[in-house]
Amino acid sequence: MGEVLDALSTALKAGLGFQAIFFSLLAIGINVQFGYTGLLNFGQIAFAMLGGFGIAVSVTQWDLPFWVGVLVGIAGAVVLALLLGLPTLRLRADYLAIATIAAAEGLRLLFRSVSATSVTGGTRGLAAFNRDFVALAPWETSKRYSILGTSWSGAELWVGLVGWVIVALSCVLVFLLMRAPWGRVVKSIREDEDAVRALGKNVYVYKMQALVLGGVFGAFGGMVYAVGTGSAIPDQYQNANTFLAYAALILGGAARVLGPVIGSMLLLFLVQFADTGLRTLISKGVIPEGLLTATDVAAIRFVLVGLGLMLLLVFRPQGIIGDRREVMLDAR
Amino acid sequence: MRSGGRGRASDRLRIVVRLFLVAAFALGLATLAPGIARAEGEAVAGTLQTSRSGPIEGIEVTVETADGDEVDSVESDEDGKWSVDVPGPGEYVVSINADDLPEGVTLSGEDNRTVTVAEGRRQFVNLGLEDGSRGAGGGGVRAIQLLVDGLRFGLLIAMCAVGLSLIFGTTGLTNFAHGELVTIGAVVAWYINVEGGVPLIPAAILSMIIGAGVGALNELGIWRPLRRRGTGLVAALVVSIGLSLTLRYLIQIFYGGRSNPYAQYQSQRAVDYGLFNLTNRALFSIIISVIVLVLVALMLQRTKIGKAMRAVSDNRDLAASSGIDVNRVIMVVWMMGGSLAALGGVLLGLSDQVQWDMGFRLLLLMFAGVTLGGLGTAYGALVGSLVVGVFVQLSTLVIPDDMKYVGGLLLLIVILVIRPQGILGSRARIG
């Protein structure tokens, strides 16, 4: 019984901690691009990496203040979105998908390469750039606090609080945008691009704006993640995370303001619960060592996510709170 | 513009999908199970070799703990291999004495590496060695060497990508799980070859047959039911990503995160052909790829089923109305794509060792090749992949070796700007 409670509290912490914020922001970005506009960005993690490294590189390598680092991260995401969108947004949907997945993998390889070590720290990455931010916390950051049976350090709480405020503001922004004429145009682009074009709207520009906006949300996610872990390592930004965010979005419900947030919290809770549960079962000897080892558990989460993604899309593409008619699945 | 609704939802779909998942899981367990009960104590190990010198024997390798206490020092054996058992998980420093190395071989980096050994793992350490075959020598000769390497690599990509392109052409599916077909081919051949003790060539043929089977399972278990259900192309694309994740990490669980060589053809010296050096396995890789690709081209051009494939990929409805059994053609395309990808995987494993994510890393280059050639055309995939392979290798003349895939990505984006329909594609396809 005690173990179940432990696993539950670890899972609860994962569902509320900075990782849930990270995936929420990634998924909010994807929601703007995929859910509302119908763009397939399969490289969202690249935007997050630019956000995280924007802060890390600015603070540790260029000796700039933390807040300038945030601006650098946002600028990086905007530039990447423009670079990817310019050639591909005029083409069929899967061209953007291919270009973004390639960009995410390519950028990670670039950041971890030996020749980039002087800027990004290579495979070891960068650390110790969040002191200015943590120092802003209104409470003691070195003490531990206990909330709902979970234990948090002061710094974690601070990152969590700021992160959830960013998530809430992002949701408000998305809500307002989607009520505005802009939102109606992008949603009609998702439904029928040619019809929108016939009405005299510049589809290309709207798509580009959605891509940039979603990318900036992703960059904020990467910043929260980098500040939360206190380090920025290229290999943390594996592209599998993009698909974790897709799974979260579809689980919660695409084209819904709160879909990505609910999906991310729930998905991380479930994944972490499965993770801790499996580890406990293995260490107790319930699952024999020959079948699964503790090192395999990290891979299991992606197997579960992949399976979940497939089954959700086939059997319940609208997720928990979505509307089937609003989910963009029949693209050109 | 394509529309969804190609058929009505079938009640049997759920059962079929579930059965497929169970079957795939069981198949995976059955073929991959021998790999589970390995590696009991922690160890560090590695191989000292370069392409020109072959394996290097008798080099002293010293392993110390992070505090500087020596654990052991061993000499590499006749295959250049060395292995040291360490007392437990943790950080270790592996070093060799640079003065021991034979003439012409130098260290490309520092003479020691710090590695972290996880519990129960055999950690492989790569002490980078340089034999002058890259970097040194006349610029022209190096360019030719890279061109030949690039041709080998491009042919390999082409073999894997033909299936990807034909599947796109016949079904409209952008299959992100195609890389896993490559990995499955390589891993299955590894188990048959290393664990089963079967020579590599029959193992490769077996793995091609299994690859065809996996392709057929893909089509029967997932894509045909989904088409019948009228699933949209974007939904299918995301499903293929889920499939790719699932398969990739299942392979990691069963096969492990290590990279392993095949049991044969590993310790070959490069043969000097004047302008370039080539190991025999690279030469045979080129020959095999050329033969296979010529056969594929002949099949597409001459045989009935090949013509049917091109017809379906050109215009599905027209092909169907002129009496071609579209589902059968698609089935053959999947089986062919699966077995070609498996063969490509074996050849890739031969040159770069077998790894759980090798196919996924190749996928990026396959997409670059297929896009360059024109999505959906078989010959386009051939031409495009060759160009990508050569470009990626030649780009190391200018950019560092570990960034060569980034060059492939840049090429992809440049193609999309200049000629999105690819070399052989038609404008109408890109929307």
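In this predicted model, helix 5 of chain A, residues 93-112, meets helix 12 of chain B, residues 404-418. Their axes come within 9 Å and cross at roughly 150°. Angles over 145 degrees count as roughly antiparallel. The two helices are therefore roughly antiparallel to each other. Their crossing is left-handed.

Which residues make this contact? Helix 5 of chain A brings Y95(A), A99(A), A102(A), A103(A), G106(A), L109(A) and L110(A). Helix 12 of chain B answers with Y405(B), V406(B), L409(B), L412(B), I413(B) and L416(B). By class, twelve of these residues are nonpolar and one is polar. None is charged.

Now step back to the whole contact between the chains. Chain A puts in 44 residues, and chain B puts in 43. On the chain B side, helix 5 (233-255), helix 10 (358-373) and helix 12 each supply at least two residues. Helix 5 of chain B gives the most, with 15 residues. What classes make up the side of chain B that touches chain A? There are 31 nonpolar residues, ten polar ones and two charged ones.

Return to helix 5 of chain A. Within its own chain, this helix packs with helix 3, residues 44-61. The axes lie 8 Å apart, and the angle is about 30°. Helix 3 of chain A contributes I45(A), A46(A), M49(A) and F53(A). Helix 5 of chain A contributes A103(A), A104(A), L107(A), R108(A) and F111(A). Eight residues of this contact are nonpolar, one is charged and none is polar. A103(A) is listed in the contact with helix 3 of chain A, and A103(A) is also listed in the contact with helix 12 of chain B.

Next come the strands of chain B. Strands of a sheet pair through backbone hydrogen bonds, either parallel or antiparallel. One open sheet has four strands in the order 5-4-7-9, with antiparallel pairing. Strand 5 (70-75) and strand 9 stand at its edges. Each has a single partner strand, so one side of each is left without a neighbour in the sheet. Neighbouring strands here are turned by 20° against each other on average, direction ignored.

Inside this sheet, follow strand 7 of chain B, residues 90-96. Strand 7 pairs with strand 4 (residues 60-65) in the antiparallel sense over five bridges. Strand 7 also pairs with strand 9 (residues 112-117), antiparallel again, over six bridges. S95(B) shows both pairings. In strand 4, T62(B) has S95(B) as its bridge partner. In strand 9, the bridge partner of S95(B) is N112(B). G90(B) has its own bridge partner in strand 9, V117(B).

Chain B holds another open sheet, this one of three strands in the order 6-1-10. Its pairing is mixed. Which strands form the edges? Strand 6 (81-85) and strand 10 (122-124) do, and each pairs on one side only. The twist averages 20° from one strand to the next. Strand 1 (residues 43-47) and strand 6 run antiparallel, joined by five bridges. In that pair, T47(B) stands opposite K81(B) of strand 6.

Technical notes:
Residues numbered from 1 in each chain as written. Chains lettered and ligands numbered in written order. Predicted model: local features only at pLDDT ≥ 70, side-chain atom pairs only at ≥ 80, totals over all residues. Axes fitted to C-alpha atoms, helices over the stretch in contact; angles between N-to-C directions. Parallel < 35°, antiparallel > 145°, perpendicular 65-115°, else oblique. Left-handed = near helix turned anticlockwise from the far one by under 90°. Contact = placed C-beta atoms within 7 Å. Nonpolar A, V, L, I, M, F, W, Y, C, P; charged D, E, K, R; others polar. Pairing = 2+ DSSP bridges.
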